[in-house]
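Please examine the following model and consider its confidence, its fold and its cores in turn.

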Amino acid sequence: MKIVNIDKDKLKELYIDKKLSSIKCAYILNCCIATVIKRLRIYNIPVRSISEANKGNVGYWTGKHLSKEHIKNSSEGLKGRVVWNKGFKGCQTHSEETKRKMSKSLNTWYKNNSEEMKRERIRGIINPSIETRKKLSEAKTGERSSQWKGGISPLNYEIRQSNEYNEWRNNVYQRDYWHCQICGKHCGNKDIIAHHIKSFSEYPNLRFKISNGITLCRNCHAKIHHHNGSFVSKGELAICL
Ligand SMILES: [Zn+2]
Ligand SMILES: [Zn+2]
């Protein structure tokens with residue numbers, strides 16, 4: 001984490017006099033919320049409890065609107081894309097036959113490749129599903145590879161089970177002190193999510209960058225992913241704190 005010099009008086013003025021939340025202070029001081037909280041402790045400024053902080057508080061997004069240009073850009077970026085959950089109700093399920101095929105091809109891949117290749121696959125450096133996609137699109141005429149989503153989820157599942165991913169998640173939580181960075185709530189085990197600011201699937205090389213993660217509660221996480229009634233998982237979601 002980079003060391004930020006924060007002036008005690010400036011912090012006091014924002015946090016005590018102006019009664020700004022630690023999130024807003026972090027925003028103004030151009031550092032992360034964890035730094036603000038740490039500095040408050042160092043300077044012996046009493047940190048407000050969550051219930052105190054929430055008193056008369058308005059939500060982070062209240063009164064804030066995405067600029068017209070931003071909406072235009074993101075809707076243009078999403079044009080023509082197939083939403084990942086299109087056609088699925090609830091959880092995505094595969095038929096028994098597909099599951100069997102997927103685990104077979106995964107097993108074969110694992111048997112035939114070195115430890116280094118496995119690690120690279122998890123880090124997103126190599127993506128064997130591209131090859132699978134090619135074969136499938138050749139076999140099924142008219143099916144474009146970009147519409148093929150079936151090869152992705154086993155890999156994602158695999159990554160999300162990996163030690164590296166677990167470590168990344170814990171580091172993100174630790175940096176944010178297990179507090180949702182939108183509503184400021186302290187999150188318990190079942191309510192906490194490490195969200196990728198730049199999307200997991202589109203920026204594989206940022207998957208394990210702590211700076212690309214942010215701690216959110218389930219509620220706020222659902223809110224940022226649902227835009228105009230549909231799930232947004234692509235690109236960069238607009239949260240800058
Ligand atoms: Zn929240
Ligand atoms: Zn997310």
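The average pLDDT of the chain is 72, and 59% of the residues score at least 70; pLDDT is the predictor's confidence in each residue, from 0 to 100. This is a predicted model, in which local features need pLDDT of at least 70, side-chain atom pairs count only at pLDDT 80 or more, and totals for chains, interfaces and linings use all residues. Residues are numbered from 1 along each chain as its sequence is written, while chains are lettered from A and ligands numbered from 1 in the order in which they are written.

| Segment | pLDDT | Contacts beyond four places |
|---|---|---|
| residues 88–92 | under 50 | 2 contacts |
| residues 140–150 | under 50 | 12 contacts |

Where pLDDT is low, the predicted coordinates should not be read in detail.

The chain contains 11 helices and 4 strands, which are DSSP runs numbered from the N terminus (helices H or I, at least four residues; strands E, at least two). Tyr177, with a positive phi near 55 degrees, follows H10.

The largest nonpolar core has 12 residues, including Ile6, Leu14 and Leu40. Such a core is a set of buried Ala, Val, Leu, Ile, Met, Phe, Trp, Tyr and Cys residues joined through C-beta atoms within 7 Å; buried means that 20 or more other C-beta atoms lie within 10 Å of the residue's own, likewise placed from the backbone. Helices H1 (8–17), H2 (22–29) and H3 (33–42) each supply at least two residues of this core.

Technical notes: Two residues are in contact if their C-beta atoms, placed from the backbone, lie within 7 Å.
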